[in-house]
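Colleague: Could we go through this model together? I would like to start with the confidence and then turn to the chains.

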Amino acid sequence: MTIFEKVEIDKTMNGIRHFSVRHAKSLSVGACLLVIAASFGARAAETNVSADKPTSMRISSSQYRRTIADIFGSSIVITARFEAETRENGLLAIGALNNSVSEDGFERYYEIAKDVAAQVTDKRHRAVLIPCKPKSATAGDEVCARKFLATTGRLLFRRPLKNDEIQALVAVSKDTANKKKDFYAGISTSLIDLLISPDFLFRYRNIEPDPARPGHFRLDSYSKAAILSSFLWNSNPDDLLLKAAENGSLQTDKGLAMQVDRMISSPEIESGVRAFFSDMLGLDQFDVLSKDAKFFPRFTPDAKRDAPEQTLRTIVDHVVDRQGDYRDLFTTRHTFMTRALAALYGVPLVETTDNARPMRWLAYTYPEGDPRAGILSQASFVALYSGAGRTSPTIRGKNFRLNILCQVVPPPPPNVDFSLIQDITNPKFKTVRDRLTAHRSNPTCAGCHRLMDPVGLAFENFDSSGGFRTTENGVPIDTSGEWNGVKFSGPVELTKALHDDPAVTACVARKVFAFASGAMPSGNSAQWKEIQTKFADSHFNFLQLMRAIAVSDLLYSVPETRVSLLEHK
Amino acid sequence: MGKLTDLIGRRRVLKGLLAGGTVSVGLPILDCMLDGNGEAFADTGAPIPVRFATWFWGLGFGEGVWVPKGSGTSYQLPDQMRALEPIRHKLNLFSGSEVFADGNPVATHVTGGQVTMTGRVENKIKYAGSLDCLVSDVIGNGRRFRSLQVTCSGNPVDSWSARKDGTKQLAETSPLALYTRIFGPDFRDPNAAEFTPDPNVMIEKSALTAVTERRNDLMRQLGAGDRAKLDAYFTSVRALETKLQVQLQKPAPMLACVRPGKPPEDDGGVVTLVSDAMARHDLFANLFASALACGQTNVVNLTITEGMSGLRFEGETASHHSLSHEEPIDPALGYQKKCFEYQKVYMKGLLEFASAMDGIKEGDKTMLDRMLIFAYTDHGAPRLHSLHNYPTITVGSAGGRLKTGMHVPHAGQPITRVSLTAMQAMGVPIASFGTGSNQANSAIAEVVV
């Protein structure tokens with residue numbers, strides 16, 4: 001993972017503004033903050049993207065898994081690995097907008113498709129998943145094949161299949177069935193075809209003439225359904241949502257609201273919430289996280305597995321079950337623990353499950369005033385943004401700004417001498433705070449490091465694994481600092497100081513929109529202001545933010561260039 | 001020999017039908033059909049292929065004290081490269097190369113590799129057209145795999161490979177998974193006497209054909225950006241079709257091909273100890289050697305880690321990357337002592353990699369003689385994120401097209417000249433590589449035969 005993001009001034013990048021290193025060198029801290037603030041509110045390009053910008057989004061690995069489970073049931077197991085997704089502007093969802101499929105990636109999708117198809121058509125599953133019976137199991141049966149492929153294809157492609165599509169699939173199925181003298185082998189080959197098709201692997205934004213506004217275009221119903229289901233449920237549209245698309249009600253405000261409310265009230269909303277926060281907090285990076293077991297013996301494989309889940313359970317409990325204020329996520333004392341995590345954090349947890357059985361998740365509440373409150377004190381932040389052997393307040397501070405405040409700090413300029421940071425055995429610099437203070441005395445470095453280090457230093461009570469400590473090299477750790485003129489000591493006081501900072505809620509709103517659409521929203525449109533107002537009026541209820549975005553025309557805007565393409569056809 | 005050659009000198013092709021499709025089955029080619037130089041198949045004149053490898057290590061060699069005093073063949077290998085002494089006559093060391101930012105923002109630990117591999121300083125999202133892909137466009141066709149990418153770090157994004165359309169080719173992280181992919185159930189021994197095309201492969205191809213036949217229909221409905229993505233998708237589909245097609249044909253004999261043993265269990269997860277990464281490295285090196293020798297691919301790519309190497313020696317809390325910035329320069333030695341130890345380990349790895357190729361005999365030469373390994377890094381002196389004085393190493397002569405055994409001082413010159421030299425040696429038809437101050441218009445004459 002890079003310490004610093006690449007930077008450029010790029011007017012086409014919506015929402016998150018970046019700063020050139022040239023600017024950072026000459027800026028004082030105050031000016032740097034002003035520039036960040038200005039850029040944050042700056043009018044970026046509208047979501048009417050240029051002709052060069054794609055609008056289709058590649059299905060994520062979690063969406064793929066959810067969709068297969070929703071259509072075929074959870075007994076269909078996917079063991080193969082998907083191609084890694086790439087993060088852009090802090091979100092995998094934005095990467096999904098730009099990513100296509102590499103050769104290796106396609107091979108992986110192909111292997112996964114073969115595996116899924118083999119399971120769906122095996123003796124255990126076929127009776128349930130392929131309800132019609134062929135006339136003969138050793139030959140093709142067009143009627144039964146057509147029925148299965150049309151039904152399944154609609155759920156996979158997020159729209160009804162066209163006649164010629166069904167015909168082609170049925171032909172492939174019949175051909176294979178006759179060659180292999182096995183009806184189900186034929187179904188398997190056609191199912192593979194569906195699963196490797198771009199219609200499944202990508203969600204497209206298709207447009208049609210808008211009858212309410214002659215001369216204008218709108219997204220078609222199926223495209224809206226696809227956006228809604230991937231956003232709210234992290235999956236493909238279910239049958240009810242597809243029916244709402246088919247009967248046209250999704251194109252009405254009332255019909256759209258009805259579906260959105262249905263989906264938000266459903267238990268499936270938890271999938272959407274989890275998928276969003278997993279992306280926003282970078283939890284996929286646990287896959288490539290490693291800690292030295294000699295230094296951190298309590299960072300066991302179980303603790304590593306449980307750490308991101310702890311944060312997601314904390315979030316779901318707060319924003320879905322309790323429907324609490326989003327800002328309180330950073331100060332909440334309520335969380336969940338397993339035995340492995342309790343050992344990591346050093347908290348007493350009474351857990352009576354036998355050793356041979358999976359550990360249970362138990363609700364846990366930190367005592368009043370405990371510095372370990374809030375999701376940022378959990379391993380999913382403090383361990384994730386640390387090295388294998390040492391902490392890095394700079395990395396923690398940088399990612400705090402990026403993930404929570406949508407603020408990008410530029411990378412260091414080349415040819416900077418870091419030798420001011422002495423080695424850790426130097427008696428003059430016993431703590432990392434001492435070392436970074438010396439570093440920040442270099443004016444070339446100070447501008448950006450003053451944005452990152454004080455924030456990161458607030459978390460220094462947490463070692464690289466997330467365990468709590470009070471000293472470093474025998475010296476008490478100082479976690480004090482200042483945020484917008486408010487002094488704090490430790491992460492909980494920092495997050496309390498942040499509580500009323502509008503950047504916190506503005507950032508999450510932008511990220512939710514980008515998660516849903518693949519691009520940051522335009523900063524100052526009336527529709528965006530309406531969404532922000534609804535969020536604030538709901539006391540920053542996260543589900544209400546999702547709702548406000550899901551019913552807003554902004555989410556379904558049509559790129560101008562697509563319009564001009566159609567007009568010229 | 002003459003009569004025997006007459007009898008079996010030509011490949012006879014049997015054509016037959018398989019479940020409605022046609023497949024070709026060739027007779028095996030025996031090594032008596034090689035000409036006197038062991039260089040070619042006697043009757044067809046088809047040369048043994050020249051192969052290509054890229055090999056990346058993070059964090060360079062540090063301050064300039066490593067630059068050898070001599071040039072040409074009379075020079076002493078830098079201390080961190082001493083392990084490579086046994087093959088010094090087969091390698092070239094280029095010192096002093098520059099990466100020019102041309103006023104663009106620099107992505108530390110990224111821009112250097114980006115310019116070396118693509119010739120451009122650009123937003124990393126736009127990274128496209130890497131050197132290895134330009135080579136595989138020329139020599140990658142007709143093999144099961146156009147190219148292969150691996151990393152020792154456990155993070156699949158530690159790859160510098162990207163097609164011209166911008167599709168990044170991520171890296172395999174597990175030697176066992178790589179083995180299964182190359183030498184698993186789909187592997188066909190090119191030297192086997194019998195060849196029976198797998199009928200399931202024909203059927204698998206038909207599923208792909210059904211997808212590709214919808215291409216025009218899909219394209220019609222899309223804007224330019226989505227068409228480009230769909231195009232990239234279909235390029236990947238075609239690659240798999242090609243792979244399946246190759247599997248349907250009897251492979252040409254590869255005399256040096258020996259199916260390797262299965263590597264140990266490895267889930268390919270992230271590692272941070274140097275020993276773990278280099279253990280993976282050695283397994284990957286041997287798998288690549290076998291894959292090349294067995295004609296499964298002609299282009300392979302390995303990275304030890306990303307530029308900011310997070311590797312540590314056991315017992316160290318600081319990573320190599322942290323040390324590269326924080327460790328003071330030893331006043332007596334003139335370099336960072338701990339960082340030097342990492343460099344030595346990586347260079348020993350390069351020896352292992354090259355030796356794996358050198359251990360494969362093909363006629364009177366080795367596979368290393370018939371290939372080119374291009375070894376590069378992210379910074380010359382990473383301590384200051386410097387863009388100056390990059391070390392680049394090539395091993396092998398690209399089938400006799402490059403002179404070897406030389407130190408080439410390249411001070412002040414764009415690193416892209418080294419890249420261009422390598423690509424031209426591999427037959428890529430380009431006259432220049434790179435943009436702005438990083439544009440290279442001529443190969444390095446000292447090493448070109």
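Colleague: Over which residues of chain A does pLDDT stay under 50?

Modeller: That is the case for residues 1–51 of chain A, for which the model has 115 contacts beyond four places in sequence. Here pLDDT is the predictor's confidence in each residue, from 0 to 100, and two residues are in contact if their C-beta atoms, placed from the backbone, lie within 7 Å. This is a predicted model, in which local features need pLDDT of at least 70 and side-chain atom pairs count only at pLDDT 80 or more, while totals for chains, interfaces and linings use all residues. Residues are numbered from 1 along each chain as its sequence is written, and chains are lettered from A and ligands numbered from 1 in the order in which they are written.

Colleague: What does chain A average in pLDDT?

Modeller: The average for chain A is 85, and 85% of the residues score at least 70.

Colleague: Which residues of α5(B) are buried?

Modeller: They are B:M202, B:I203, B:E204, B:A207, B:A210 and B:V211. A residue is buried if 20 or more other C-beta atoms lie within 10 Å of its own, exposed if 12 or fewer, and partly exposed in between, with C-beta atoms placed from the backbone.

Colleague: Let us change topic. What is the order of the strands in the open sheet of chain B?

Modeller: The seven strands follow the order β5-β8-β3-β11-β12-β4-β13 of chain B, with mixed pairing. The edge strands are β5 (148–151) and β13 of chain B, each of which pairs on one side only. Two strands pair if DSSP finds at least two bridges between them.

Colleague: How does β4(B) run against β12(B), parallel or antiparallel?

Modeller: The two run antiparallel, and five bridges join β4(B) to β12(B), residues 390–395. Within this pairing, B:N92 stands opposite B:T394. Four bridges join β4(B) to β13(B), residues 406–409, and these two run parallel. There the bridge partner of B:N92 is B:M406.

Colleague: Why is β4(B) described as largely enclosed?

Modeller: Six of the seven residues of β4(B), residues 91–97, are buried, so the strand is largely enclosed by the rest of the structure.

Colleague: And what about α11(B): how many of its residues are buried?

Modeller: Ten of the ten residues of α11(B), residues 416–425, are buried, so this helix is also largely enclosed by the rest of the structure. What covers them includes β4, α2 (111–118), α3 (131–139), β11 (371–376) and β12 of chain B. Just after α11(B), B:G427 takes a positive phi of about 85°.

Colleague: One last residue, please. Where is B:P328 found?

Modeller: B:P328 is in the loop between α9 and α10 (337–358) of chain B. It counts as partly exposed because it has 14 C-beta neighbours inside 10 Å.
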